[in-house]
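I opened my notebook beside the viewer today and jotted down what I looked up. Here are the entries, in the order I made them.

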Amino acid sequence: IIRASNAAIISVTLECRIQSWNPGAEALFGYSAAGTVGHDLMMIVPEDRLAEAVANHARVIAGKTFKWETVLRHKSGRLVNVVMYLAPTRDRDGRIIGACAVSHKLTKRVLLKGTTDRTPEKSQLLERALHQGALHERKRIGQELHDHLCQHLVGAAFAAKAKSWMSIASSFV
């Protein structure tokens, strides 16, 4: 179903690394799956939309599901008006492990209906999402540092214990 869909269907990790990229995404953005998997999704985001994209990624990995109308970049450099439906992906235990996006190109008729002006409410929402994303990233980095330090401390404790056992064993010889 995903391969046969005309919609661009993309999945990313918590760090925003592309995990899957279907033929619909190839058609919409011009990149092959082989050229995108493992790369940062922000490769298709224009510079002036990066803060909004980061904030939306933070929202989705915080568990939110929502629609985002934006402009993204095709491999050729041209800009493409799209609507993205974003949702978290979860493991068997319900933990969020990434995000998925289903995207369609917006037609001129649809673009004329709505506006993309940012209201103060949208700006506040973006600021909150960006703040939440930053907090999440700090926690993740703190956890990595904690885990790394614990590995070293356990290794040091094991080495000290082994040295103590060696000195006890040598006294029996």
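I began with the lining of the largest cavity, to which β1, α2, β3, β4 and β5 each supply at least two residues. Helices (H or I, at least four residues) and strands (E, at least two) are DSSP runs, numbered from the N terminus. α2 provides the largest share of that lining, four residues.

Two notes on the source before I go on. This is a predicted model, where local features need pLDDT of at least 70 and side-chain atom pairs count only at pLDDT 80 or more, while totals for chains, interfaces and linings use all residues. Residues are numbered from 1 along each chain as its sequence is written, and side-chain values use heavy atoms, with hydrogens and water left out.

I noted my cavity rule: on a 1 Å grid over the protein atoms alone, a cavity is a set of points where a 1.4 Å probe fits but cannot get out, and lining residues have an atom within 4 Å of a point. Grid points are joined across faces, edges and corners, and a volume is the space filled by probe spheres set on the points. The count is one cavity of 30 Å³ or more. I read a volume of about 170 Å³ for the largest cavity. Its lining has 18 residues, with Leu41, His57, Trp68, Met84 and Leu86 nearest the centre.

Next I followed His57, which sits in helix α2 (residues 50–61). Is His57 buried or exposed? I found it buried, because its relative accessibility is 13% (buried means under 20% relative accessible area, exposed over 50%, partly exposed in between; 1.4 Å probe, protein chains only). Not counting residues up to four places away in sequence, His57 touches Val12, Thr13, Leu14, Glu15, Cys16 and Ala99 (contact means heavy atoms within 4.5 Å).

Then I checked the strands, which pair if DSSP finds at least two bridges between them. β1 (residues 8–13) runs antiparallel to β5 (residues 96–105), joined by six bridges, and Ile9 stands opposite Val102 in β5. β4 (residues 79–90) also pairs with β5 in the antiparallel sense, over nine bridges. Here I saw Val82 opposite Lys105. In the β4 and β5 hairpin, with five residues between the strands, Gly94 has a positive phi near 90 degrees.

My last stop was Asp48, in the loop between α1 and α2. I logged Asp48 as exposed because its relative accessibility is 59%. Its C-alpha atom is 9.7 Å from that of Val71, 23 residues apart along the chain.

Key:
On a 1 Å grid over the protein atoms alone, a cavity is a set of points where a 1.4 Å probe fits but cannot get out, and a pocket is an open set with protein on both sides within 12 Å along at least five of seven lines; lining residues have an atom within 4 Å of a point.
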